[in-house]
Amino acid sequence: MLNYFKIAANIVFRFLKAVYYLISFGVYIVQLSIRDLISTVTNPFLPNRPVGNVIPRGYPGHGGVWPEYTAPKRGEDFRSPCPGLNALANHGILPNNGKRITYAQLSHAIQHAYNLAPTLASQLTSAAKQLDQGRGWIDLHDLNVLNVVQHDASFTRPDIAFCPDQSIPHTDLINRLLDHASDGKHLSLTDFSYYSGLRRAECKRSNGQYTLSGSFIHKMIGSGTSVLMYSIFGGDIEALRVWLLDERFMDGWEPKNREALGHTIAQALTTSLAVEFSIDEKQALREGDVFYHE
Ligand code: HEM
């Protein structure tokens with residue numbers, strides 16, 4: 001016999017929990033937006049960080065000098081589908097084994113290494129919190145799960161239906177992305193938008209379990225990662241090749257975005273929206289392009 005008192009108590013408890021989360025989320029979004037707006041409108045009035053000093057003195061990567069690179073031991077260390085985080089782990093800025101990384105560690109590491117505003121670092125980190133389960137930390141391979149952050153039609157990994165381990169960079173796909181730099185040196189926003197259209201069209205054709213079509217949020221995450229590569233690397237294919245393939249920082253490399261208060265959510269979001277709405281999955285393919293079969 002079901003215990004109706006227990007059922008009623010559970011409904012009330014879950015309802016109150018949902019209200020609590022909704023209010024906390026609302027407060028987080030409002031304070032984050034206000035802080036981000038202040039940084040966004042202040043940045044243009046402040047001098048940019050000087051070249052060679054984009055990463056402050058005392059932080060790893062200052063002056064383009066990065067801590068020693070140690071490749072992950074496969075089968076032992078954990079890595080994610082994200083080159084941005086894997087590179088930090090490979091240089092020991094995040095734990096090299098990729099395990100038990102707290103949100104404070106994540107946020108601090110990405111903010112300084114990539115010159116992000118604390119607001120953008122916090123927003124990116126909050127994406128990982130969806131995997132928390134109350135632990136207060138993640139292992140990098142937790143990010144492999146489909147449609148939390150990781151999604152189909154990415155640039156650097158085949159879809160999870162063909163490649164269950166999303167932690168390993170896919171050499172062919174990465175070289176193919178970099179070959180799409182129209183000027184042979186830099187990927188422009190138009191190149192990123194074209195390549196997204198190409199990946200989405202080909203993955204939709206070849207993957208019977210393709211899920212990106214129905215999710216605007218995950219499409220925006222995809223466009224967001226294009227924009228990070230454009231803003232932080234200036235689309236420079238030489239630096240991107242090392243970062244995407246070896247998940248390592250090139251000697252002497254520092255972020256191209258030199259805003260005094262760091263790159264903000266508002267900047268990243270407006271450019272991501274522009275990229276997202278310029279993607280056309282039915283576009284004419286560039287000469288020499290064919291759909292890739294995974
Ligand atoms: C805590 C913060 C972050 C989390 C939780 C995170 C998570 C992820 C995940 C799960 C993916 C796989 C997405 C896909 O399926 O394509 C990804 C991809 C990626 N991330 Fe991150 N990331 C973070 C920060 C960053 C930062 C700071 C950068 C830039 C420097 C970055 C750049 C990228 C790029 C370029 C990709 C590859 C996109 C592709 O293959 O299409 N991420 N990230």
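Residue numbers start from 1 along each chain as its sequence is written. Because the model is predicted, local features need pLDDT of at least 70 and side-chain atom pairs count only at pLDDT 80 or more, whereas totals for chains, interfaces and linings use all residues.

**View 1. Gln133 in the loop between α4 and β2.** Gln133 is not a glycine, yet its phi is positive, near 55 degrees. Gln133 counts as exposed because it has 8 C-beta neighbours inside 10 Å; the cut-off for exposed is 12 or fewer other C-beta atoms within 10 Å, with C-beta atoms placed from the backbone.

**View 2. Glu247 in the loop between α8 and α9.** This loop runs between α8 (237-246) and α9 (265-276). Glu247, also a residue other than glycine, has a positive phi of about 50 degrees. Glu247 is buried, since 26 other C-beta atoms lie within 10 Å; buried requires 20 or more.

**View 3. Domain 1 and domain 2 of the protein chain.** The bounds are 1-45 for domain 1 and 46-278 for domain 2, taken from an automatic or database domain assignment. Their C-alpha centres lie 27 Å apart. Nine residues of domain 1 are in contact with 12 residues of domain 2, contact being C-beta atoms, placed from the backbone, within 7 Å. On the domain 1 side that touches domain 2, three residues are nonpolar, four polar and two charged. Nonpolar covers Ala, Val, Leu, Ile, Met, Phe, Trp, Tyr, Cys and Pro; charged covers Asp, Glu, Lys and Arg; polar covers the others, Gly among them.

Conventions:
Helix = DSSP H or I, 4+ residues; strand = E, 2+ residues; numbered from the N terminus. Contact = placed C-beta atoms within 7 Å.
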